[in-house]
Amino acid sequence: MLGEGSRDLAMQALCYAKLKDFAAADSLLQKATTIDPNYHWHWGNILEMQGDREGAIFHYEWIISRDNSPITSYYLNSKSRLRDLKDPNVTLYKKIRFLQKKERGF
């Protein structure tokens, strides 16, 4: 059984998202982001899976506004994704894109 660490919560959210139980996924990611704010990236991904472009944008902007280190993968990917989402024809994510904490860019 998974514990209550942020990664465990995010992994559980992924499982629920794959089952299309987005309410459970959102609830788990709300908990995960209180432990590790970087999981706003994953919450944005799940909102895209639900077709909620504006909700996803909120979470990506949250990361950019609070990340003091613009070389992190979360910052760089959020900034890139925001640029993509300005195009109304861009395809929304269909699954969560997990990022490695050691990743330093694209």
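The crossing of α3 and α4 is left-handed, meaning that the near helix is turned anticlockwise from the far one by less than a right angle. This is a predicted model, in which local features need pLDDT of at least 70, side-chain atom pairs count only at pLDDT 80 or more, and totals for chains, interfaces and linings use all residues. Residues are numbered from 1 along each chain as its sequence is written, and side-chain values use heavy atoms, without hydrogens or water.

The two helices pack at an angle of about 165°, and their axes lie 8 Å apart. α3 and α4 are therefore roughly antiparallel, a term for angles over 145 degrees. The table gives the residues in contact (heavy atoms within 4.5 Å).

| Helix | Residues in the α3–α4 contact |
|---|---|
| α3 | His40, Trp41, Trp43, Gly44, Asn45, Leu47, Glu48 |
| α4 | Gly55, Ala56, His59, Tyr60, Trp62, Ile63 |

Seven of these residues are nonpolar, five polar and one charged.

How many residues of α3 are buried? The count is 10 of 10, so α3 is largely enclosed by the rest of the structure. Buried means under 20% relative accessible area, with a 1.4 Å probe and protein chains only. The buried residues of α3 pack against α1, α2, α4 and α5. After α3 comes Gly51, with a positive phi near 85°.

The largest nonpolar core has 24 residues. Such a core joins buried nonpolar residues, from Ala to Trp and Tyr, through side-chain atoms within 4.5 Å. Trp41, Ile46 and Tyr60 are among those with the most contacts inside it. α1 (6-18), α2 (22-35), α3 (40-49), α4 (53-66) and α5 (73-85) each supply at least two core residues.

Notes
Buried < 20%, exposed > 50% of the residue type's maximum accessible area, 1.4 Å probe, protein only. Helix = DSSP H or I, 4+ residues; strand = E, 2+ residues; numbered from the N terminus. Axes fitted to C-alpha atoms, helices over the stretch in contact; angles between N-to-C directions. Parallel < 35°, antiparallel > 145°, perpendicular 65-115°, else oblique. Nonpolar A, V, L, I, M, F, W, Y, C, P; charged D, E, K, R; others polar.
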